[in-house]
Amino acid sequence: MARRIAVEDSIAASLAVKLANVDVVAVYPITPQTHIVEELSRMVADGELDAEYVNVESEHSALSACIGASAVGARCFTSTAGQGLALMHEVLFVAAGNRFPIVMAVANRSLSPNLNIWGDQSDMMSSRDCGWIQIYAENAQEIFDMILSAFRIAEDERVLLPVAVNFDGFTATHVVEWLDLPEEEEVRRFLPPHRKAKYVLDPAKPITIGPIGFPEVQFELKTAWEKALVNSKKIIKEVWREFGEIFGRHYDVIEPYRVEDAEAAFILMGGTCGTCRAAVDRLREEGLKIGMLKLRLYRPFPKEEILEAIKNLKTLIVMDRHICLGGMGGPLYNDLKSLLYDAKLRLNLAGFIAGIGGRDIRIEDFRLMAEKALKGELPPEGFGLLSRGELV
């Protein structure tokens with residue numbers, strides 16, 4: 001039986017890792033994710049979590065330590081943000097390409113040039129093609145649930161890929177919200193003790209993992225990796241269905257809000273979805289038939305589910321929290337533009353970039369997005385940069 005508690009969102013992440021009964025936690029502190037690993041350090045020191053807690057000298061080393069531990073069959077967790085994820089960039093490909101089922105929490109933080117510790121999605125979006133499963137959570141409950149389910153997804157022998165659970169820096173990590181915390185017996189029904197993968201490093205049965213990849217094999221390796229990532233969507237949905245049966249909270253790759261009769265809809269990811277719901281309610285009161293699509297799974301990109309969700313819409317309004325510098329707008333906007341083109345679907349697509357560097361995104365900003373999109377008042381590129389209620 002779950003008990004409801006008030007908890008900082010970062011601690012919700014730590015509680016999920018504790019109940020997952022991990023073997024190894026390799027960490028390096030960086031704002032705004034530090035509370036997660038501080039709490040895990042306390043749990044290990046106090047005997048609440050029987051795990052090897054490895055303090056390392058950098059985020060690059062944190063993920064490298066997880067790779068080594070995962071290679072011998074350990075259940076592993078790490079956490080990072082912003083520049084820390086950027087420093088891991090090289091090793092992200094090693095973890096995913098070698099099929100290590102590592103779980104990582106990413107407290108999304110703005111990247112340089114300035115020392116900005118606030119949240120946007122530029123860190124994970126800059127690594128979006130690293131081959132990891134990428135999930136976006138909105139609040140404490142989702143952070144807990146997504147991290148717990150991430151271990152089950154990653155370790156499924158049909159998947160064997162690392163999972164990054166993303167949530168907003170500060171506006172998620174440093175706020176207190178309610179959390180329905182399940183009993184350990186319930187968690188064990190959903191997430192049994194870790195079983196070693198079929199191929200692990202063992203002196204008794206020597207194998208080689210990650211040797212040099214000559215041109216004769218590299219293409220095939222990348223193709224197998226891509227197929228595994230794309231095919232993981234089916235297993236992700238299976239896991240979330242079982243999660244709902246056990247815990248009573250049901251998740252899918254897309255969460256619609258008031259789209260049944262909508263002619264237009266916002267689509268976005270992460271914590272700003274709460275503000276967007278309030279904006280949708282306000283615009284509905286004013287007679288606008290508008291809804292929201294919350295994208296929970298970003299990689300693998302849920303193409304079929306998106307096309308089904310938008311099939312009756314006339315206008316789709318995309319909100320990104322990252323700029324593809326020198327490109328054509330935000331990453332989600334570009335993904336959707338390609339998807340609509342390939343599907344030959346006629347739909348007014350409008351893209352907006354907002355919340356960069358942690359700047360507030362308000363109800364009035366969503367109102368402006370809707371007005372501009374429905375009137376077709378966008379720059380020639382098809383997307384707009386939104387700042388303090390104005391297009392810039």
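The chain holds 31 salt bridges, a salt bridge being a side-chain nitrogen of Lys or Arg within 4 Å of a carboxyl oxygen of Asp or Glu. This is a predicted model, in which local features need pLDDT of at least 70 and side-chain atom pairs count only at pLDDT 80 or more, while totals for chains, interfaces and linings use all residues. Residues are numbered from 1 along each chain as its sequence is written, and side-chain values use heavy atoms, with hydrogens and water left out.

**Overall build**

- The secondary structure comes to 12 helices and 16 strands, where helices (H or I, at least four residues) and strands (E, at least two) are DSSP runs numbered from the N terminus.
- Buried residues make up 56% of the 392 residues in the chain; here buried means under 20% relative accessible area, exposed means over 50%, and partly exposed lies in between (1.4 Å probe, protein chains only).

- Glu 242 forms a salt bridge with Arg 152, with the closest N and O atoms 2.7 Å apart, and the pair links helix α8 to helix α6 across 90 residues.
- Glu 242 is partly exposed, with a relative accessible area of 25%, and Arg 152 also counts as partly exposed, at 22%.
- Arg 321 and Asp 168 meet through their side chains in a salt bridge of 3.1 Å, N to O; because Arg 321 lies in the loop between β13 (315-320) and α11 (331-343) and Asp 168 in strand β7 (residues 163-168), the pair ties together parts that are 153 residues apart in sequence.
- Arg 321 counts as buried at 5% relative accessibility, and Asp 168 is buried with a relative accessible area of 5%.

**Nonpolar cores**

- The largest nonpolar core has 112 residues, and those with the most contacts inside it are Phe 77, Trp 132, Ile 133, Ile 147 and Leu 336; such a core is a set of buried Ala, Val, Leu, Ile, Met, Phe, Trp, Tyr and Cys residues joined through side-chain atoms within 4.5 Å.
- A second, separate core of 22 residues includes Ile 290, Met 319, Ala 354 and Met 369.
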